[in-house]
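I opened the notebook to go through this chain one item at a time. My entries follow in the order I looked things up.

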Amino acid sequence: MAEKRLLIISDSHGRNENITEAVRREWPLQGTIHLGDFECSLQTIMQICPGTLDIVAGNCDPFSKVPREKIITIGRYKAFLVHGSGGYAVSMDRRRLAAAAAEHGCQIALFGHIHRPVDEVVDGVHVINPGSISNPRQKGYRRSYGIMTVRGDGSLDYSQKYL
């Protein structure tokens, strides 16, 4: 199996020019994962992002028909996708999120909502937030996204990136 690169984004809040810039910088890409708060710009995101698009709705997407949670396979791993608002309390700590991922048989939990990058292991689950591609809240306030590389053997590598 050839190497595959996925763009991981969250909290674009309708500012799709930032997604366009990330796609341009990281080309070629085989897919995109959007972790919610796209704010009514789903059709545009579908046009911008190459390959597959896995997306979940966030708290700023109240009328979207997109699911709030999703389980996908990335390489040889299962990933739990969720925005993180609601009952996960991701602003405080990520144990509830890690427990939900583990309950679904997932080794990875991808989430958004807090607008800050996270890359940590919580109770055996790799928990990742790419930060916000349009409205960052971490020190330095740099717009951010992630790249997940799936190697030929199905193993993964995650890289945090900044615009």
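**Entry 1: E26**

I began with E26, which is found in helix α1. The model is a predicted one, and I read every value with that in mind. Is E26 buried or exposed? I find E26 at 6% relative accessibility. That is under the 20% cut-off, so E26 counts as buried.

Next I asked which residues E26 touches beyond four places in sequence. I noted R5, Y145, I147 and K161.

**Entry 2: salt bridges**

I turned to charge pairs. Side chains of opposite charge can pair when their charged atoms come close. How many salt bridges does the count come to? I get eight. I looked up some of the pairs by name.

I took E21 and R25 up as a pair. They form a salt bridge, and the closest N and O atoms are 2.8 Å apart. Both residues sit in helix α1, residues 16-26. They are four residues apart, about one turn of the helix. E21 has 23% relative accessibility, so I list E21 as partly exposed. R25 has 41%, and R25 also counts as partly exposed.

I then went to D54 and K70. Their salt bridge has its closest N and O atoms 2.9 Å apart. This pair links distant parts of the chain. D54 is in strand β3, residues 52-55, and K70 is in strand β4, residues 69-74.

My next pair was R95 and D93. Their side chains meet in a salt bridge at 2.8 Å, N to O. Salt bridges that share partners also join R5, E26 and K161 into one network. That took me back to E26, which touches both R5 and K161. For R95 I have 52% relative accessibility, so R95 counts as exposed. For D93 I have 28%, so D93 counts as partly exposed.

**Entry 3: charge overall**

The chain has 20 positive and 17 negative ones. How far apart do the centres of the two sets lie? I have 3 Å.

**Entry 4: backbone**

I looked for backbone features next. A cis peptide bond joins W27 and P28, with omega at about 0°. I located P28 in the loop between α1 and β2, where β2 covers 31-34.

Which phi does H113 have? I read a positive phi of about 80°, although H113 is not a glycine. H113 lies in the loop between β6 (108-110) and β7 (117-122). Its relative accessibility is 23%, so I put H113 down as partly exposed.

Y141 was next on my list. Y141 has a positive phi of about 50° and is not a glycine. I placed Y141 in the loop between β8 (125-130) and β9 (144-150). Is Y141 buried or exposed? With a relative accessible area of 59%, I have Y141 as exposed.

**Entry 5: elements**

I stepped back to the whole chain. I find three helices and 10 strands. In what order do the elements run? From the N terminus on, I read β-α-β-α-β-β-β-α-β-β-β-β-β.

**Entry 6: the chain overall**

I checked the radius of gyration against the globule rule. For 163 residues, a compact globule would have a radius of gyration near 15 Å. The chain has 14 Å, so I note that the two agree. I also looked up the box that the C-alpha atoms fill. Along the principal axes the box is roughly 35 × 35 × 35 Å.

What share of the 163 residues is buried? I have 51%.

Last, I looked up the surface. The accessible surface of the chain comes to about 7600 Å². Carbon and sulfur atoms hold 49% of that surface.

Methods:
Residues are numbered from 1 along each chain as its sequence is written. This is a predicted model: local features need pLDDT of at least 70, side-chain atom pairs count only at pLDDT 80 or more; totals for chains, interfaces and linings use all residues. Side-chain values use heavy atoms; hydrogens and water are left out. Helices (H or I, at least four residues) and strands (E, at least two) are DSSP runs, numbered from the N terminus. The radius of gyration is taken over C-alpha atoms; the globule rule is 2.2 Å times the number of residues to the power 0.38. Buried means under 20% relative accessible area, exposed over 50%, partly exposed in between (1.4 Å probe, protein chains only). Accessible areas come from the Shrake-Rupley method with a 1.4 Å probe; for residues, only the protein chains shown count as cover. Lys and Arg count as positive and Asp and Glu as negative; His and the chain ends are not counted. The place of a charge is taken as NZ of Lys, CZ of Arg, CG of Asp or CD of Glu. A salt bridge is a side-chain nitrogen of Lys or Arg within 4 Å of a carboxyl oxygen of Asp or Glu. Contact means heavy atoms within 4.5 Å.
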